[in-house]
Amino acid sequence: MNKKSILLHTFCLVVLVNILPLKAQERDLTYEEQIKAFTTDERFYPASIAQIIDHPTIPSPLKHFGTIIGAPGVMHNTSEIYGYYQALAAASDRLMIQQMGTSEEGRAIHLVMISNETTLANADSYKAMLAELADPRKTPSDRAEELIKNGKSVYYLNGGMHSTEMGSPEMLMELAYRLLTDDSEAIKHIRENVIVLINPVSEPDGRDKQVDWYHRYTKFRSEWDDGFPRSTPYWGKYVFHDNNRDGLQITQAITKNIFKIYYHWHPNVMLDLHESVPLLYISTGTGPYNENVDPITVGEWQTIANYEMTSLAAQGLPGVFHWAFYDGWWPGYGVWVANTHNSVGRFYETFGNAGANTYLRDLTKSKYAGDNVTSREWYRPDPASGMVNWSARNNTNYMQAGVLASLTYAADNREGLLKNFYQKGVNNTRFAEKNKIKQFTIPAAQRDPSMAAYLVNQLRAQGIEVHQVLEGEAVGSYLIKLDQPYSKLAYDLLTEQNYPKEAKFPPYDAIAWTLSMLYGVDVEKNEAFTHSPAELELITEEVRYEAKATGEATNYVLDYNAQSKTLSALYALKQYSKNAKAYTSDLSLL
Ligand SMILES: [Zn+2]
């Protein structure tokens, strides 16, 4: 064959490939029919979840488990759920799974990442781009523009925080399968523009207890209001429902891992999936909003919620609303790590039955912000009816249709979300320029120095930079300068709150949290920067205060100032010497 004919052959081959019709994807009609069958009413059946692809090599939940997601009586525990994601990871290079941590009882906490093959193969470079955008001090605006153009939206879905709210770990498996297998324009659009992060069961200890409880007890009940407890008596190892009140102290594995995922990825949007309010509540909140949340974020709460409301209205779903539930004031919910770190953090409340039974539910007595949930309002244009026959599949449909709308928003507004993320960082680094307070000082001399060290560590756990003074009068003091990416959070945590007296509704949670006051640490507010960078050192490791006993003696005096560690010091003393005795005495009387 001469060169010319090779070229000709190549040309013919290309033409042949191009004229072959694209084979339509096979649909899994059995799966689709079962979705319909387990949905109790046509009104609860959105178009965006109706199609399921019959993929030749990637297992659907039906092929893997033998039942579809939301089938009556079916709830999966963590090993089954993680097993399914591992099967997906083995079958598709559009999904990766990574262990992020371990729960208090030793169960894994995983992160699932989904996008198209090319994006996922370059996941680390997209992660690095977001890290660059996160710190405008290192990223000038022309570089930011480039990153915004080439970056991806990163959308973090948090499942299974509250164990009795059992639907999200189930729904997320079907969502993952859909995102991997469906080649429709709508899903391809999401895959091409968004990296979807899924924490499938953020509280795995609770999940397994609650799944056992369901299979052992509540699965056999036929009425919702029969008085039988639908929750295991206690599900977390140490913390129950208030695992969602740990975002300021960060004490539990669930919170530590949510924060870890945030700092690894800097997701543009975080959505926490809850269940309590009929039929779907989208968080915007009634206000008063936290004063230190960037106005861009407040705008994004409204924009995204209204986008989702509109999309679900177009699919005919009743009972979707925003505004009338929770306020938006307290910054300590798990997902608020996004709001306080320049992203946008939100949640859904869908309607769950604490399991996979179908019950007749009475909504006539449910009120939020003074209005019955069945009333038509500006924020609820199509309310639910008073009595609903509600199934686990209905819950799956609502949650998944909302999430798909939200992912579409993130795909459509990829550049806008990245731009806002960067701009919020810029606003933070310029906070000191506009604000009366420019800096906080934690003086070295403290009544309780170990709590001052604790405060420094807690601020650092929030991603706030703390410097130590190296020389001069204030040597050993710690400074928090308000020209850093999370200045507003530092300001929020170290100043007094002013919850408006005239607020129209009672607060949803705590109204005050000033850490320095909670910990009994003196913190000064400075109206100017007091030190040059050369006089300071950035703290990069955990700070420890170590007390010392000086001198060789048989009796020691401890200068007691109600330090938080006094009691543990007395226990340590007893461990050191069984015969040791401790007395209290007013030294001024000696
Ligand atoms: Zn919840």
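**A zinc site and a helix pair**

Biologist: Is His162 buried or exposed?

Modeller: This is a predicted model, so keep that in mind. The relative accessibility of His162 comes out at 3%. Since anything under 20% counts as buried, His162 is buried.

Biologist: And which protein residues are the donors of the zinc ion?

Modeller: The donor atoms lie 2.1 to 2.4 Å from the zinc ion. Along the chain they follow the spacing H-x2-E-x108-H.

Biologist: How many residues apart are His162 and His274?

Modeller: His162 sits in the loop between strand E3 (153-158) and helix H8 (167-181). His274, which is buried with a relative accessible area of 3%, belongs to strand E5 (residues 269-275). So the pair links distant parts of the chain, and the separation is 112 residues.

Biologist: What arrangement do the four donor atoms make around the zinc ion?

Modeller: Their angles run from 56 to 153°. To count as tetrahedral, all angles would have to lie between 85 and 135 degrees.

Biologist: On to the helices: are H6 and H15 parallel or oblique to each other?

Modeller: The axes of H6 (residues 123-134) and H15 (residues 414-429) come within 8 Å and cross at roughly 40°. Roughly parallel would need an angle under 35 degrees, so the two helices are oblique.

Biologist: Which residues of H6 and H15 make the contact?

Modeller: By class, there are six nonpolar residues, with no polar and no charged ones. H6 brings Leu130, Leu133 and Ala134, and H15 brings Leu418, Phe421 and Tyr422.

Notes. Residues are numbered from 1 along each chain as its sequence is written. This is a predicted model: local features need pLDDT of at least 70, side-chain atom pairs count only at pLDDT 80 or more; totals for chains, interfaces and linings use all residues. Side-chain values use heavy atoms; hydrogens and water are left out. Donors are N, O and S atoms within 2.8 Å of the metal (3.2 Å for Na, K and Ca); water is not among the atoms, so sites may look incomplete. Four donors count as tetrahedral if all angles lie between 85 and 135 degrees; four count as square planar and six as octahedral if opposite donors are over 155 degrees apart and all others between 65 and 115; anything else is irregular. Helices (H or I, at least four residues) and strands (E, at least two) are DSSP runs, numbered from the N terminus. Buried means under 20% relative accessible area, exposed over 50%, partly exposed in between (1.4 Å probe, protein chains only). Axes are lines fitted to C-alpha atoms, for helices over the stretch in contact, and angles run from 0 to 180 degrees between N-to-C directions. Angles under 35 degrees count as roughly parallel, over 145 as roughly antiparallel, 65 to 115 as roughly perpendicular and the rest as oblique. Contact means heavy atoms within 4.5 Å. Ala, Val, Leu, Ile, Met, Phe, Trp, Tyr, Cys and Pro count as nonpolar, Asp, Glu, Lys and Arg as charged, and the others, Gly among them, as polar.
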